[in-house]
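Let's take a friendly walk through this protein, going from its domains to the charged pairs within it. Have the viewer open as you read.

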Amino acid sequence: MNQRLLLRATGPARANQLATLSQTLDDSGIQLLDIDQRVTLGQAVLEALIEGDEMPSLQAVSDATGLELSLHEIDQATYEYWEGRHQVSGLIMTLMAAQLPAGLLAQVDRWIGKQGLVIERMQRLSGSFSLIERVPVEGVCLEYHLRGEAMDIDVFRQELLALGAEQGVDIVLQEDSPWRHQRRLICFDMDSTLIKAEVIDELARRHGVYEAVAAITERAMRGEIDFQQSFRERMAMLNGLSESVLEEVADGLELMDGLECLMASLKRLGYRTAILSGGFTYFARYLQKRLGFDEVHANELVIENGIVTGEVHLPIVDAERKAVLLREIAERHGIAPEQTVAVGDGANDLKMLAEAGLGVAFHAKPLVRQKARMSLSVLGLDAILYLLGHDAHCRMQG
């Protein structure tokens, strides 16, 4: 009689265990339906869903692999669940923190159970240090694979955003899909995303008009004037600024934490990278030369006889323009919309974040965190690698 069983094997990890087990099953006419293997602190745990008329001798397999084996019968309902789960998208929940607060895992587990979700798998993407050791740069990252019925992902995201803010951690939810490991294009805002400054404010400060420029920025943030209008007004106040000041500001730019590691990893992984900024090409090209961005799109200052005129060449890179540029770059390189990623911090980035297959609000304003599908507020820019499903290998190398 045909049987379906879960074969569980545990014991010290050593070479060729999986090959030996697979060969033994094949020699016995056993079909392998599913398999999962992991090793923790030198101990292997291997689970296989198998089907066949006659099961092999557990003792013989144990002797060959050096593992302790057990068989568990799978009833029809469990098997049907296994079949169905491959046809229904699951969720990926990524928990990131400088260190794990006491009791947080219990809180997260209770939340998961309350939503009727099941943890199918949980794995650690961060390094091998203790979970309670504070590591503010790399941080701690746990990735959960969840599954359940009637999942309202938008409601879930808001609840997890609130829980994360309460605990001082980031908890990000995304749908599991084939696109997750096939992203190819990442577009970044520049000011307060790639660098720890708003360049126009730094220029205004050196030109003696900081307070006036900041006041216009505040009006724009309150929605009293749109980006293009506020940008033109602020630019007019920079009329007469020496071009030499631009070089001084560029040389003093402080990169966002994790940016260099992120860019090195994205290059190694084959991603195309772009800067889409409402700031200035002068500074975007500086970052391009330093870090190797594939292309930059920003506002071009008009400079005459070494003096900034307060004007810019059209078109101005505003929220709509950023979204259009992301779409155009993807189309130009044959990249599907689902394969694109956008990262930004301000309201001017929201359309770009919505356009991308994966939109990430990074250390963003409260309104942007609420509206974006994903938000990072605790770790550095290289935490984006965790959202893409990559581990901390690059960090340990660098």
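A salt bridge here is a side-chain nitrogen of Lys or Arg within 4 Å of a carboxyl oxygen of Asp or Glu. With that in hand, look for Asp189, Lys322 and Asp349, which are linked in a network of salt bridges. Please keep in mind that this is a predicted model.

Where do Asp349 and Lys322 lie in the chain? Asp349 is in the loop between strand E14 (340-344) and helix H13 (350-355), while Lys322 belongs to helix H12 (residues 319-332), so that the pair links distant parts of the chain, 27 residues apart. Both Asp349 and Lys322 are buried.

The count of salt bridges comes to 17 by this rule, and two others are worth a visit. Glu51 and Arg4 pair through their side chains at 2.9 Å, N to O. Because Glu51 sits in strand E3 (residues 43-52) and Arg4 in strand E1 (residues 3-12), this pair ties together parts that are 47 residues apart in sequence. Glu51 is buried, at 11% relative accessibility, whereas Arg4 is partly exposed at 24%.

Now turn to Arg205 and Glu202, whose closest N and O atoms are 3.7 Å apart in a salt bridge. These two residues are separated by about one helical turn because they are three residues apart in helix H6 (residues 199-207). Arg205 is partly exposed, with 44% relative accessibility, and Glu202 is partly exposed too, with 22%.

Next, step back to the domains. The protein is divided into domain 1 (3-84), domain 2 (88-175) and domain 3 (185-197 + 255-388). The centres of domain 2 and domain 3, taken over C-alpha atoms, are 26 Å apart. Their contact draws 21 residues from domain 2 and 15 residues from domain 3.

The size of an interface is often given as the accessible area lost when the parts come together. For domain 2 and domain 3, about 1,400 Å² is buried between them, with 57% of it on carbon and sulfur atoms. How many salt bridges cross the interface of domain 2 and domain 3? The rule finds zero salt bridges there, but five residue pairs are in polar contact between domain 2 and domain 3.

On the side of domain 2 that touches domain 3, strand E5 (91-97), strand E7 (140-147), helix H5 (153-167) and strand E8 (170-175) each supply at least two residues. E8 gives the largest share, four residues. By class, that side of domain 2 has 11 nonpolar, six polar and four charged residues.

Notes. Residues numbered from 1 in each chain as written. Predicted model: local features only at pLDDT ≥ 70, side-chain atom pairs only at ≥ 80, totals over all residues. Heavy atoms only, no water. Domains from an automatic or database assignment. Contact = heavy atoms within 4.5 Å. Buried area = accessible area lost by both parts, 1.4 Å probe. Polar contact = N/O pair within 3.5 Å; in protein donor to acceptor, adjacent residues only side chain to side chain. Nonpolar A, V, L, I, M, F, W, Y, C, P; charged D, E, K, R; others polar. Buried < 20%, exposed > 50% of the residue type's maximum accessible area, 1.4 Å probe, protein only.
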